[in-house]
Amino acid sequence: MMKSHLWIWRPITATFYFPVGPGTGFLYLVNLYFLYQYSTRLETGAFDGRPADYLFMLLFNWICIVITGLAMDMQLLMIPLIMSVLYVWAQLNRDMIVSFWFGTRFKACYLPWVILGFNYIIGGSVINELIGNLVGHLYFFLMFRYPMDLGGRNFLSTPQFLYRWLPSRRGGVSGFGVPPASMRRAADQNGGGGRHNWGQGFRLGDQ
């Protein structure tokens, strides 16, 4: 038996590599479409003007997926990362009505789970999609839900060196993890807050 070695580049190659073949080509194209659509919508929506925050989300999700992949002996990490990005978008636009295949319509918060079922039909597995959804939920809960809706401690914050590399643009979205003053005043008037409306979002397939 060959002695195992630690190849530090493997988490990176496992993220970008996908075995394209007759049985996986369509799944690969579908997931590339999801990556383009929802990554773009996050960059131009909730993370508009804040590239450091967006990069931190990707890094956090990727690190969590790498750790999970090591624990579960996963070979490919692309789909979990894509699904984690899609999940964050879906939660930030949870009340938006989206359209899917064959004209089905539902709230955006259900989209990651619908895609999980869709990928199971065309790919035969849900482990990658499930891990991506769980990692996306972890980020969303720690960054948005817990500190902003539930008034808890802010456990996640973008490192300052990322802001030095990718400075925020003036006029972007207010800092994550700390509700703006207007939101805090509204929460105080309502006796402690409640769920925040995360925005209008985009319809599936809009350009």
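**Helix packing and a buried phenylalanine**

Student: Which residues of α3 meet which residues of α6?

Tutor: In this predicted model, Asp53, Phe56, Met57, Phe60, Asn61, Cys64, Ile65, Thr68 and Met72 in α3 meet Ile127, Ile131, Val135, Leu138, Tyr139, Leu142 and Met143 in α6, where contact means heavy atoms within 4.5 Å. By class, that contact has 13 nonpolar, two polar and one charged residues. Local features need pLDDT of at least 70, and side-chain atom pairs count only at pLDDT 80 or more. Side-chain values use heavy atoms, with hydrogens and water left out.

Student: Why are α3 and α6 called oblique to each other?

Tutor: Helix α3 (residues 51–72) and helix α6 (residues 127–149) pack at an angle of about 135 degrees, with their axes 10 Å apart. Angles under 35 degrees count as roughly parallel, over 145 as roughly antiparallel, 65 to 115 as roughly perpendicular and the rest as oblique, and α3 and α6 are therefore oblique.

Student: What makes Phe34 buried or exposed?

Tutor: Phe34, which lies in helix α2 (residues 25–44), has a relative accessible area of 4%. Buried means under 20%, exposed over 50% and partly exposed in between, with a 1.4 Å probe and protein chains only, so Phe34 is buried. Beyond four places in sequence, Phe34 touches Ser39, Ile82, Leu86, Phe100 and Ile115.

Student: Where does pLDDT stay under 50?

Tutor: It does so over residues 172–207, pLDDT being the predictor's confidence in each residue, from 0 to 100. Where pLDDT is low, the predicted coordinates should not be read in detail. Among the elements of the chain, α3 has the highest mean pLDDT (93) and helix α8 (residues 181–189) the lowest (39).

Key: Residues numbered from 1 in each chain as written. Axes fitted to C-alpha atoms, helices over the stretch in contact; angles between N-to-C directions. Helix = DSSP H or I, 4+ residues; strand = E, 2+ residues; numbered from the N terminus. Nonpolar A, V, L, I, M, F, W, Y, C, P; charged D, E, K, R; others polar.
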